[in-house]
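User: I'm new to this structure and would like to know what its terms rest on. Could you walk me through a few of them?

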Amino acid sequence: MGPSRMLAIVGLIAVVGAVGASFALDGSDATPASSVDAAPALDATSTTIAVPDLPDRGAHPALVDIDEWLQSDVTSLEELQGKVVAVQFWTFGCSNCRATLPHMQELYEKYQDQGFEIVGIHAPEFSYEAEVANITDAAAELGVTWPIALDPTKRTFHSWQEGPTAHWPRVYLLDREGHIRYDHIGEGRYAQTDAAVQALLAEPG
Amino acid sequence: MLPAFAEAIRATTQPCTLLLLLPALVAVVITRGRWAPFAAICFGAVLGGWLFIANVVALSDLQLQLSGLLVASAIAVVIAAPAVSWLARAATRAAQTATAGVIMFIATLWWRPCIGVELGSILTGARQGLGGQLPGMAAYMLGALVPVLAVVLAMRAIDPPPVAARRAGWVAGGVGFVVAGALAVGRHDELVTTLTRWTTS
């Protein structure tokens with residue numbers, strides 16, 4: 001066997017090792033989320049979780065072409081002024097969106113009584129995700145209990161997110177005046193989001 | 001950077017990475033696992049990844065179709081070159097290497113990534129300042145190419161006879177042609193849906 005073949009085999013073994021290690025690292029990623037779950041009273045002033053910067057980015061954009069609201073008495077964000085609102089862009093088929101939902105549920109349960117609300121803007125990626133019955137079934141299955149605004153044309157999805165590309169999941173936090181104060185793309189940063197909600201709730205109304 | 005690299009490796013098991021991986025796999029197989037095309041693929045992926053987080057380009061439907069046509073044509077030329085004398089002269093190794101890089105770069109424009117913890121942090125951070133996120137994004141894109149590296153190494157370890165390598169190239173080219181062709185005829189969404197359902201069923 002030539003040296004280049006031998007090197008290729010060694011390299012292949014190293015690649016397999018790297019793949020295995022990456023899945024092992026995945027386990028360590030879960031630790032912070034678990035610790036958030038285990039520590040319901042996250043203190044925004046604690047030394048472990050710093051409150052993220054919450055610059056005022058101005059009033060939120062309008063909701064455009066919302067077809068329908070599910071699980072809700074309200075039909076606009078304006079009706080929620082005076083509350084701290086998490087606006088999350090999601091679609092039920094997106095695995096990363098699904099991973100965030102238990103954490104959103106946790107926030108909802110912790111802070112709903114203190115003037116916190118979540119609005120899930122459902123912007124479908126595929127046609128089967130646009131069918132209302134499928135969304136309703138998925139919401140029940142995934143434990144989504146907060147209001148859902150349906151954005152089948154994705155006009156709101158694109159108008160809120162700057163630039164030509166928009167992402168799922170993405171969460172924005174609005175203060176009591178309806179101004180955007182925080183946003184995060186993708187999974188994770190659950191403790192920071194929690195701290196941001198606490199800080200916004202602590203601001204005078 | 002290591003967590004981003006590792007997250008990208010894990011993402012390769014999810015359907016959302018298929019539109020990035022398939023063209024890269026096709027490109028390395030039709031270029032017979034040579035290192036230069038693989039390096040060009042890495043370069044194209046990193047460049048495309050940076051463009052992605054810069055958030056300055058999104059292909060229109062027409063551009064998507066044209067890009068599919070371009071990639072389908074490039075694959076056809078690389079595959080057919082040995083059989084056509086004037087193409088064989090044009091399709092030098094350098095041209096094949098460049099083609100592999102271009103195919104990969106275009107594939108990054110087709111890509112709709114799964115946004116996990118690390119890629120989410122990179123994208124969120126890029127909204128505040130792009131510069132600090134470039135190393136992390138490069139690591140992510142290279143992590144996404146680890147299965148492609150595995151194929152390159154496997155091809156070099158097996159060192160298939162020329163006939164088998166040529167047949168593998170035809171098969172890979174056929175797959176690439178179908179993927180790129182689907183985009184060229186405006187079936188991007190159907191393609192992604194099919195790949196998603198196929199890999200999750």
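Predicted model: local features only at pLDDT ≥ 70, side-chain atom pairs only at ≥ 80, totals over all residues.

User: How many residues of chain B are in contact with chain A, and what makes a contact?

Analyst: Residues are numbered from 1 along each chain as its sequence is written, and chains are lettered from A and ligands numbered from 1 in the order in which they are written. Two residues are in contact if their C-beta atoms, placed from the backbone, lie within 7 Å. By that rule, 28 residues of chain B are in contact with 26 residues of chain A. On the chain B side, α9(B) gives the most, with seven residues.

User: Why is Gly173(B) called buried?

Analyst: A residue is buried if 20 or more other C-beta atoms lie within 10 Å of its own, exposed if 12 or fewer, and partly exposed in between. Gly173(B) has 20 such atoms within 10 Å, so it is buried. Leaving out residues up to four places away in sequence, Gly173(B) touches Val26(B), Ile30(B), Ile75(B) and Ile79(B).

User: What makes the span of α6(B) close to the expected one?

Analyst: Helices are DSSP runs (H or I, at least four residues), numbered from the N terminus. The expected span is 1.5 Å times one less than the number of residues. For the 18 residues of α6(B), 26 Å is expected, and the helix reaches 26 Å from its first C-alpha to its last. Its buried residues pack against α2, α3, α4 and α10 of chain B.

Technical notes
Helix = DSSP H or I, 4+ residues; strand = E, 2+ residues; numbered from the N terminus.
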